[in-house]
Amino acid sequence: MRVLLVEDDEPVAESLRRGLRRYGFEVEWVTTGAAALAHSAPCDLVLLDLGLPDTDGLDVCRALRRRGDLPIIVISARSDETDRVVGLELGADDYVSKPFGVREVIARIRAVLRRTQPRPPEAGPDRYGSRLTVDRKAARVRLDGTEVALAPKEYDLLAFLTEEPGALMSREQIMEAVWDANWFGPTKTLDVHVAALRRKLAGAITIEAVRGVGFRLEIAGGDDGAPRGPDTREPDTRGPDTRAPDTRDAGTS
């Protein structure tokens, strides 16, 4: 997966490059809007800062969107609602405010790519630990092989949180990703959906509430949380071992 990073702040850019590469992304880094618009190598997604030295990042966003449907995630220190709304209206697929963690950016990238680039037909369910599978293609969840009935938003919440198990997600991040970027209602609905997931998936996951911040999903049983594909190992078709046990004294030769 190739990412074009448009960011003039070197420490921020280096941190993002290291983090993205750890997760298997290839990163091309440019520092100006002109360089971004002149970039000709193919890429799968653009991370675009708004505070560029030569032009406003919103103008770059507008120009990139006119060229096609390349996913764009705006990263900016501008947290004002007006800038967020304008960025989304100009064609950005998501908006991340500084400061942010690399895990948050990774989760946002995966969420955007999930929406804009459907998974290939041959992709199987993702497995989390030994008990839970999430089939994102079919939007189905199974616990110990049995399908769990989830409401649509319960499924969306689980799908988002399992994108990066162990990452702390703020209430605002979750509401924007699962409900709507311009959600104006109370966040109490989030607590209701978290409680439902805890009840329905008890023993397979834990969802920790971090007071004043948000929630963190962990896979139960000490699993690392990395999604795994279906188990393709050949079954053991050998029958039981019927050989007589060796009764020789282990101390004699």
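Arg 65 sits in helix α3, residues 57-67. Helices here are DSSP runs of H or I with at least four residues, strands are E runs of at least two, and both are numbered from the N terminus. The model is predicted: local features need pLDDT of at least 70, side-chain atom pairs count only at pLDDT 80 or more, and totals for chains, interfaces and linings use all residues. Residues are numbered from 1 along each chain as its sequence is written, and side-chain values use heavy atoms, with hydrogens and water left out.

Stay with Arg 65. Its side chain reaches the backbone oxygen of Gly 91 at 2.8 Å. Arg 65 also has contacts (heavy atoms within 4.5 Å) with Leu 70, Pro 71, Ile 72, Leu 90, Gly 91 and Asp 93, leaving aside residues up to four places away in sequence.

Next, helix α6, residues 152-161. Seven of its ten residues are buried, so the rest of the structure largely encloses this helix. Buried means under 20% relative accessible area, with a 1.4 Å probe and protein chains only. The buried residues are Glu 154, Tyr 155, Leu 157, Leu 158, Ala 159, Phe 160 and Leu 161.

Now the sheet. Three strands form an open, antiparallel sheet in the order β10-β12-β11. Strands pair when DSSP finds at least two bridges between them. At the edges, β10 (168-170) and β11 (205-210) each pair on one side only. β10 and β12 (residues 214-219) are joined by three antiparallel bridges. Ser 170 has Gly 214 of β12 as its bridge partner.

Helix α8, residues 188-200, lies across β11 and β12 and runs at about 150° to β11. Such angles run from 0 to 180 degrees between N-to-C directions, using axes fitted to C-alpha atoms, for helices over the stretch in contact.

Technical notes:
Buried < 20%, exposed > 50% of the residue type's maximum accessible area, 1.4 Å probe, protein only. Polar contact = N/O pair within 3.5 Å; in protein donor to acceptor, adjacent residues only side chain to side chain.
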